[in-house]
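The sequence and the model are shown here.

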Amino acid sequence: MRGELMNPITIIGSGLAGYTLAREIRKLDKEIPIRVITANDGAFYSKPMLSNALAKKQTAAQLAMNTATEMAEKNNLHILTHCHVENIDSDNQSIITSEGHYEYSNLVIATGANPIRIPVNGNGADDILSVNSLDDYEIFRERLSGKKSVAILGAGLIGCEFANDLAAAGFHVDLIDLADQPLGRLLPKQAAENLKQHLSELDIHWHLGCSLKQVDKTSSAYELSLSNNARLQSDLVLSAVGLKPETRLAEATNIKINRGIVVDEFMQSSIPGIYAIGDCAETNGLVLPFVMPIMVGARALAQTITSNKTSVDYPAMPVVVKTPAHPTVVCSPAPNAKGSWNEENMGNGIKATFNEGD
């Protein structure tokens, strides 16, 4: 899959954003050269599936839907695997990689995001796991072998999904979060309490309004010390406190960065001809780390790159929380929106609507 192309569209990253964009471009133009550069093996999989694969007894290999070779053949792509981009020379429209120099016509950064690591004391802190890739998931499954309990840091979307999945797979789960409710950034109080109650019916125990201070190894497990002076024993510790956009390459190129790579309505960065999409991008002050924004953005950016300049128009984008114990769908208001929630008990669930206004 190595070789030379004449001025290809170049996508850095082979995650959902990178591959979705490549496929959207290919729908519009069957022959335009597209190069995808990835630091891993380039296997295509759906990252959202990582947090609900255990109960289904799915391995990392089973989650991979296509190899890089298959993706290249199906979509007429030129894919460089295990290739690291070291620098971008925007003046000469080229990139410097571990495999050599490559020119591009348009460049798209789709480097995703990395797990946030909160500072934790103790000789077991370095053993805390995060699951953000197939390789991470494989390590997680290996470490789970023979274990009975898992402590999860973070009761947000990913933390709750992993908690449900682990409990359904037979593990005792302790869920720790500084907020006083699960999904603190997504759900109003009553809806969050309803979710908490249903998850509690599994073997999930809540430790809210506190944080993890220290993790120490014992002879057979880990001892966790919380900020409220509580102590827990757990066989494994998983961090799910959030993701931080991967912006190091963009920063080195002097592309404008805020929380993520700042892009305009056409997903173009501060340097013409360089775009960003997915978890690494920031649009109108927001980082949108969900599937639907990637799909909408990829369709618009594919049009722009193939000479039909198209702005991104994000519709209402509900997020499905994969908690089978209590299925939840959220479509939250903007972070700075003024208004109030109205919550209605619907029997076994809650209907919540946000009313704008002072």
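A salt bridge is a side-chain nitrogen of Lys or Arg within 4 Å of a carboxyl oxygen of Asp or Glu. The model shown is a predicted one, and five salt bridges are found in the structure.

| Salt bridge | N to O distance |
|---|---|
| Lys27 and Glu24 | 3.0 Å |
| Asp127 and Lys217 | 3.5 Å |
| Arg231 and Glu223 | 2.9 Å |

The bridge between Asp127 and Lys217, with the closest N and O atoms 3.5 Å apart, ties together parts that are 90 residues apart in sequence, because Asp127 lies in the loop between β8 (113–115) and α4 (134–144) while Lys217 lies in strand β12 (residues 212–217). Lys217 itself counts as partly exposed, at 46% relative accessibility.

What is the relative accessible area of Lys27? The value for Lys27 is 57%, and this residue is exposed, whereas Glu24, at 13% relative accessibility, counts as buried.

In the remaining pair of the table, Arg231 forms a salt bridge with Glu223, and their closest N and O atoms are 2.9 Å apart. Arg231 counts as exposed, with 57% relative accessibility, while Glu223 is partly exposed, its relative accessible area being 24%.

Terms used
Residues are numbered from 1 along each chain as its sequence is written. This is a predicted model: local features need pLDDT of at least 70, side-chain atom pairs count only at pLDDT 80 or more; totals for chains, interfaces and linings use all residues. Side-chain values use heavy atoms; hydrogens and water are left out. Buried means under 20% relative accessible area, exposed over 50%, partly exposed in between (1.4 Å probe, protein chains only). Helices (H or I, at least four residues) and strands (E, at least two) are DSSP runs, numbered from the N terminus.
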